[in-house]
Amino acid sequence: NIPGADFRITSVYEYPNAVGLILAPLLVFLAVYLQQRGTYKHWFLPIILLGGLAIVWSRSAGAVIAVAAGIIFSLLFTRWRWWVICGTSAVIIVLLAFAPTREIILLQDTSGEVRLALWQGTANLLAHHPLVGAGLAGFPDLYADYKLDRHVELLLYPHNIFLDFWVELGLLGLTWLVAMFGRFFWTLGRARQRSAVL
């Protein structure tokens, strides 16, 4: 959507991050399926390759992190768990040692500053509408009244799953989301074969 060095693909969507939002869960699902079932379908490879390239070309750091985190989380329930923990820790330490990646991880780059401003503006909105939020698809309309002066970009959603549910579905939606997360981890803790939960 932007020519030159800042080129980012958008596919059929209006903005690049939508590519990551649709593809990241699919790629994680396929990776976990392959890991758990050990079976391979002939259409897996093109989906993984093209999906991975689309996420890279959309330059959606959040999607890349989400795919990596999903795969790492699923690997914690395999015999390689300690290798995964040690390897992930080492990679994080290395990434924090370099300024460019450290700024991304600690939200100190331009994208991170935009996210922080967006979340603060969303908090302002929710402070005035804590029970019902902005309603379904109402965020862009209300957010303009609560955004910070330094945040000039108007976005379609808060880029945070908890804030998303609260803004779209109100406090009841947020409560439901937290309950679902709680139920998942409760089930995970009680399962004899924890990998089966995934």
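Predicted model: local features only at pLDDT ≥ 70, side-chain atom pairs only at ≥ 80, totals over all residues.

**Helix α1 on its own**
- Helix α1 covers residues 17-37.
- There is a bend of about 30° in α1 at L23, and the proline P25 follows within four residues.
- Which residues of α1 are buried? They are N17, A18, V19, G20, L23, A24, L27, V28, L30 and V32.
- The packing partners of these buried α1 residues are α2, α3 (61-75) and α6 (110-128).

**How α1 meets α2**
- Two packed helices are described by the angle between their axes and the distance between the axes.
- For α1 and α2 (residues 44-58), the axes come within 10 Å and cross at roughly 145°.
- This crossing of α1 and α2 is left-handed.
- On the α1 side, the contact is made by V19, G20, L23, A24, L26, L27, L30, Y33 and L34.
- On the α2 side, their partners are F44, I47, I48, G51, G52, A54, I55 and S58.
- Sorted by class, the α1 and α2 contact holds 13 nonpolar residues, four polar ones and no charged ones.
- L23 turns up in several places: α1 bends there, L23 is buried, and L23 is among the residues that meet α2.

**The chain as a whole**
- The protein chain has nine helices and zero strands.
- Its C-alpha trace spans about 50 × 45 × 35 Å along the principal axes.
- Of its 198 residues, 28% count as buried.
- Among contacts with a separation of 6 or more, 52% come from residues 24 or more positions apart.

**A second pair: α6 and α8**
- The axes of α6 and α8 (residues 161-190) come within 11 Å and cross at roughly 30°.
- Is the crossing of α6 and α8 left-handed or right-handed? It is left-handed.
- W119, T122 and L126 of α6 meet L163, W166 and V167 of α8.
- By class, this contact of α6 with α8 has five nonpolar residues, one polar and no charged.

How values were computed: Residues numbered from 1 in each chain as written. Heavy atoms only, no water. Axes fitted to C-alpha atoms, helices over the stretch in contact; angles between N-to-C directions. Helix = DSSP H or I, 4+ residues; strand = E, 2+ residues; numbered from the N terminus. Left-handed = near helix turned anticlockwise from the far one by under 90°. Contact = heavy atoms within 4.5 Å. Nonpolar A, V, L, I, M, F, W, Y, C, P; charged D, E, K, R; others polar. Bend = angle between axes of the 7 residues up to and from the residue. Buried < 20%, exposed > 50% of the residue type's maximum accessible area, 1.4 Å probe, protein only.
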